[in-house]
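Hi,

Here is the structure I promised to pass on to you. Have a look at it first, and then read my notes below with the model open beside them.

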Amino acid sequence: MTQPSFVIRLDIDTMVCAKSITDLLHLADKLNCRFSFFVNVGKSVSIPAAIQRRLTSKATNIVKETNPAKKLSIRQKIGMKGIIETIVFNKKLLPLCKNELLKAKSYGHEVGLHGGMNHGIWQSFAPSMTDDEISMLLTPAMHSFIETFGEDYGFTSPGFAINPHSYELLANNSCKYISDHVDSNGIITINPKVKLPNIPVTLAAKENVDFLESYIASNNTTPLDVIAKNSIGKSNFSVTYSHPCLINNIGNKIFCQFIKEMQQIANNKLLMELL
């Protein structure tokens, strides 16, 4: 039987994430592991949109999961300094990590696009946006990404918040695949309209929460070798997604242990290499 493969997908969606890439490259060397980075080229949040989302959820009495996945607090993930920097400065993420990601690509890591010009707006509102609205959010992000990193790239939607029109835009702008769903079986589907392959994440917590984050938050005691083995789907690969801010902080120890367990049973690949 062919040796299974494992992929580590890292979504860069906060200023702390963007500033962590140098450390992540050192960690990659230490672990002898390649990562698939996906960067949001714009801002991580929209304060007005965040307020609107909170007010709307209260007003509409949105039904929540009765037993949701445990998550870490924002403070635990990016620290108080990170929260203050985000609120006060809220800088675009690409300029904070452009040089390091170019270096990462030259080292053999993958760099893809994560959403449009604002991560928070996409995650909260993309599914209900009109074609024109999603185009305004995504088009400048694609152009900025391609200008920096070149064509033939992958794409992931923030929070797995899908907008079908975005796939048409991506397919017309040299995107080669998307990774926008969770499927423990690891079945790669093909979007019927634009023919883009959709490579699934195979390991995630409830509501598509970062599994390693939930593992830490819930004080999960399941052995990591069991987690690693179970993350490999019927398609003979594992895809785990996480965030640099977690791995470079509270999640570092668990992440390193998980990588070592995966390396015992599978070969490391980039997401693009699963096609």
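Predicted model: local features only at pLDDT ≥ 70, side-chain atom pairs only at ≥ 80, totals over all residues.

The buried residues of helix α4 are Lys-77, Ile-78, Gly-82, Ile-83, Glu-85 and Thr-86.

Now follow α4 from end to end. The helix covers residues 74-88, which makes 15 residues. A straight helix would reach 21 Å at 1.5 Å a residue, but the end C-alpha atoms of α4 are only 16 Å apart. Where does α4 bend? Look at Met-80, where the bend is about 75 degrees. Just after this helix comes Asn-90, with a positive phi of about 45 degrees.

Next, the strands. Strand β4 (residues 153-156) pairs with strand β5 (residues 175-178) in the parallel sense, over 3 bridges.

Helix α8 spans residues 164-171, and His-165 is found in it. Is His-165 buried or exposed? Its relative accessible area is 16%, so His-165 counts as buried, the cut-off being under 20%. Leaving aside neighbours within four places in sequence, His-165 is in contact with Asp-131 and Ile-134.

Enjoy exploring, and write back with any questions!

Best wishes

Note on methods:
Residues numbered from 1 in each chain as written. Heavy atoms only, no water. Helix = DSSP H or I, 4+ residues; strand = E, 2+ residues; numbered from the N terminus. Buried < 20%, exposed > 50% of the residue type's maximum accessible area, 1.4 Å probe, protein only. Contact = heavy atoms within 4.5 Å. Expected span 1.5 Å × (residues − 1). Bend = angle between axes of the 7 residues up to and from the residue. Pairing = 2+ DSSP bridges.
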